[in-house]
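My entries follow in the order in which I made them.

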Amino acid sequence: MKTINVAIFVSGNGTNCANIIRYFKNSKSVKIKIVLSNRPDAFALVRAQQLGVPAIVIDKAQLNSETKMMEILQSHAIDYIVLAGFLPIIPDFIVKSFPNRIVNIHPSLLPKYGGKGMWGYHVHEAVKAAGENETGITIHYVNNECDGGTIIEQFKISLSPEDTVEDIENKVHMLEMKHFPKILECIFLGKFA
């Protein structure tokens, strides 16, 4: 069976990135080939290197250069791209080149609290401000619309009125750690169409 080669795109701390790398570390069928970040100060780069995965920084011009990005992705024979806290919009040429092979995780139950400006802490603040009694994560394919791709799976968690924004963030993070790598594995191995 062919090995599935994966690139992880990150912008921040990289806890999801590290969790995914660890999950597939001894896999015979999935290999995390490279981590790309749009920010040179992203701690995810350090985490990746500590876990033995090459990590590179791509600036905005490189991200939007079809020649440069396709060269990077093709040189690592990438089959899937995983967005683990990657903030820039994915250029159309990458979306077209990887149809239903770019997977994102969003820290809310889409379509609620999705779209431009809705990421990380901003999402949890909005959930708290709205007085929601539940939140969760959405794992979805990436298309040309911000947070608009087909939903693959959602996981929910209950909230109480006493929960702070930090409590909400921690609850969502636990869902991410528990479910994201397992769902990715199902996608990579063809258990989700």
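**Conventions.** Before looking at helix pairs I noted that axes are lines fitted to C-alpha atoms, for helices over the stretch in contact, and that angles run from 0 to 180 degrees between N-to-C directions. This is a predicted model, in which local features need pLDDT of at least 70 and side-chain atom pairs count only at pLDDT 80 or more, while totals for chains, interfaces and linings use all residues. Residues are numbered from 1 along each chain as its sequence is written, and side-chain values use heavy atoms, with hydrogens and water left out. Helices (H or I, at least four residues) and strands (E, at least two) are DSSP runs, numbered from the N terminus.

**Entry 1: α6 against α7.** I looked up the pair and found that the axes of α6 and α7 come within 9 Å and cross at roughly 120°. Angles under 35 degrees count as roughly parallel, over 145 as roughly antiparallel, 65 to 115 as roughly perpendicular and the rest as oblique. α6 and α7 are therefore oblique to each other. Their crossing is right-handed; a crossing is left-handed if the near helix is turned anticlockwise from the far one by less than a right angle, and right-handed if clockwise. For contacts I used heavy atoms within 4.5 Å. On the α6 side I listed Tyr 121, His 124, Glu 125, Val 127 and Lys 128, which meet Val 165, Glu 166, Ile 168, Glu 169 and Val 172 of α7.

**Entry 2: the buried side of α6.** Buried means under 20% relative accessible area, exposed over 50%, and partly exposed in between (1.4 Å probe, protein chains only). Which residues of α6 are buried? In this helix, residues 120-129, they are Val 123, His 124, Ala 126 and Val 127. Seen down the axis of α6, they fall within an arc of 160°, so they line one face of the helix. The arc is that of the directions from the helix axis to the C-beta atoms. Their cover includes β5 (102-106), β6 (134-141) and α7 (165-188). Just after α6, Gly 131 has a positive phi of about 70°.

**Entry 3: α4.** I repeated the search on α4 (66-75). Its buried residues are Met 69, Met 70, Ile 72 and Leu 73. Down the axis of α4 these buried residues fall within an arc of 155°, so they line one face of the helix. On the other side of α4, Thr 67, Gln 74 and Ser 75 are exposed. I noted that the buried residues pack against β1 (4-10), β2 (30-37), β3 (55-57), α3 (60-63), β4 and α5 (92-97).

**Entry 4: the cores.** A nonpolar core is a set of buried Ala, Val, Leu, Ile, Met, Phe, Trp, Tyr and Cys residues joined through side-chain atoms within 4.5 Å. The largest has 42 residues, and Val 6, Ile 8, Ile 21, Val 35, Ile 139 and Phe 188 have the most contacts inside it. α7 gives the most to this core, with eight residues. Another core, of 21 residues, lies apart from it and has Ala 7, Phe 9, Leu 63 and Phe 98 among its members. Leaving aside neighbours within four places in sequence, I found Phe 188 in contact with Ile 4, Val 6, Phe 24, Val 30, Tyr 80 and Val 82.

Entry 5: Asn 16 is found in helix α1 (residues 15-24) and counts as buried, at 8% relative accessibility. What does Asn 16 contact, leaving aside its neighbours within four places in sequence? I listed Ala 84, Glu 176, Met 177 and Phe 180. Asn 16 and Gly 85 are 69 residues apart in sequence and 7.9 Å apart in space, C-alpha to C-alpha. Asp 79 sits in the loop between α4 and β4 (80-83) and is buried at 15%. Not counting residues up to four places away in sequence, Asp 79 touches Lys 2, Thr 3, Ile 4, Asn 5, Phe 98 and Arg 101.

**Entry 6: backbone.** Most residues other than glycine have a negative phi, and most peptide bonds are trans. Ala 77, in the loop between α4 and β4, has a positive phi of about 50° although it is not a glycine. Ala 77 is partly exposed, at 42% relative accessibility. In the loop between β5 and α6 I found Tyr 113, also not a glycine, with a positive phi of about 60°. Tyr 113 is buried, with a relative accessible area of 19%. Pro 111 lies in the loop between β5 and α6, and a cis peptide bond joins Leu 110 and Pro 111, with omega about 10°.
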